[in-house]
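Have a look at the model, then read on.

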Amino acid sequence: MSYNRIALIGLGLIASSMSLAIKRSGSSAHVTGYARSSETRDTARRIGLCDTIYDDFAPTVHNADLVVLCVPVGVMGQVMEDIAPHLKSGCTISDVGSVKRSVIDLVQPHVPEGIHFVPAHPLAGTEHSGPKSGFAELFDSRWCLLTPNGANSIAIQNLANFWKSLGAKVEEMDPDHHDLVLAVTSHAPHLIAYTMVGVADDLKRVTNSEVINFSATGFRDFTRIAASDPTMWRDVFLSNRDATLEILGRFTEELFALQRAIRTGDGDLLHDYFSRTRSIRRGIIEAGQDTDAPDFGRIKNK
Ligand code: NAP
């Protein structure tokens with residue numbers, strides 16, 4: 001690994017997983033971590049995350065070759081402004097934010113001359129948050145998308161190698177295209193899950209205990225997704241507004257079409273639709289992107 005000193009800003013799920021994955025990779029890099037709350041710092045120290053943990057940006061980023069912003073998307077610009085005076089000349093700044101255009105717009109204006117900014121997004125996560133939720137295997141075989149925005153090619157290559165050393169597969173993507181792809185694959189599905197769980201909660205004819213006791217797998221999966229961190233997801237929707245609204249508009253049109261098919265008894269339309277979506281599921285499993293799926297081995301080996 002080409003970084004001797006790595007600074008992680010914000011010690012939640014992603015940063016704690018990165019810290020553990022860096023150690024697992026055998027890297028000798030010194031890893032520093034910043035956390036704003038004493039509770040997070042105490043927990044991180046107790047469970048052995050990072051080599052040194054600070055409550056101040058200056059010592060955290062001092063002499064760091066790589067600084068990774070691991071905070072919610074909405075505060076990335078402010079954090080970048082605060083750390084900028086303390087950065088080592090020639091270092092690389094990156095982030096792990098789930099939205100890329102707004103992060104670039106917020107962060108880039110505060111990046112000093114001579115610092116390489118290479119935005120990134122590891123497509124890996126769980127519904128858990130905080131320093132205790134991390135694990136070293138989180139990024140294994142997951143994609144990490146880099147949206148370099150004109151950065152220096154050596155800085156991009158070094159960051160790509162870094163993510164590969166944590167187990168990820170790396171690809172470059174245009175930031176606006178990234179936001180559209182993620183609106184389809186992650187952001188709109190999260191909103192739908194939040195909505196469905198909200199609907200179940202509001203529906204007074206079905207009691208909460210019935211929902212909990214008799215929840216079928218579809219709904220259980222929704223509740224898992226809808227348990228995701230409220231701050232993170234509020235920021236994702238507000239930061240990826242246009243792409244999310246575009247996909248939700250299309251979703252609503254399709255939903256109306258399926259609603260009409262159910263009302264008119266159009267079984268052919270429903271069957272054709274579900275056959276098409278089933279093949280998408282197979283594609284995800286064949287690409288190795290849901291190795292936990294019970295049908296992974298069966299479909300993969302076919
Ligand atoms: P998390 O577990 O909730 O951790 C967020 C961290 O940010 C916490 O340490 C929190 O500090 C800190 N923080 C929040 N506001 C801050 C502020 N104003 N100043 C300084 N620190 C602040 O979140 P996460 O899941 O690791 O997500 C971090 C980033 O990764 C987000 O940008 C998210 O979009 C992205 N991401 C998340 C996932 C996922 O599935 N979770 C996947 C890929 C990318 P305290 O502990 O003191 O509250």
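Two strands count as paired if DSSP finds at least two bridges between them. Strands here are DSSP runs of E with at least two residues, helices are runs of H or I with at least four, and both are numbered from the N terminus. Bear in mind that this is a predicted model, where local features need pLDDT of at least 70, side-chain atom pairs count only at pLDDT 80 or more, and totals for chains, interfaces and linings use all residues. Residues are numbered from 1 along each chain as its sequence is written, and side-chain values use heavy atoms, with hydrogens and water left out.

Let's start with the sheet. Three strands in the order β7-β8-β9 make an open sheet with mixed pairing. Its edges are β7 (120–122) and β9 (169–172), each pairing on one side only. Strand β8 (residues 143–146) runs parallel to β9, and 4 bridges join them. Within β9, Val170 is the residue opposite Cys144.

Phe139 has contacts (heavy atoms within 4.5 Å) with residues including Ile14, Met18, Pro122 and Trp163, leaving aside residues up to four places away in sequence.

Now for the ligand. Some polar contacts (N or O atom pairs within 3.5 Å) are listed here:

| Residue, polar atom | Distance to a ligand oxygen atom |
|---|---|
| Arg36, side chain | 3.0 Å |
| Val71, backbone | 2.7 Å |
| Ser98, side chain | 2.7 Å |

Terms used: A polar contact is a pair of N or O atoms within 3.5 Å; within protein, one must be able to donate a hydrogen and the other to accept it, and residues adjacent in sequence count only if both atoms are side-chain atoms.
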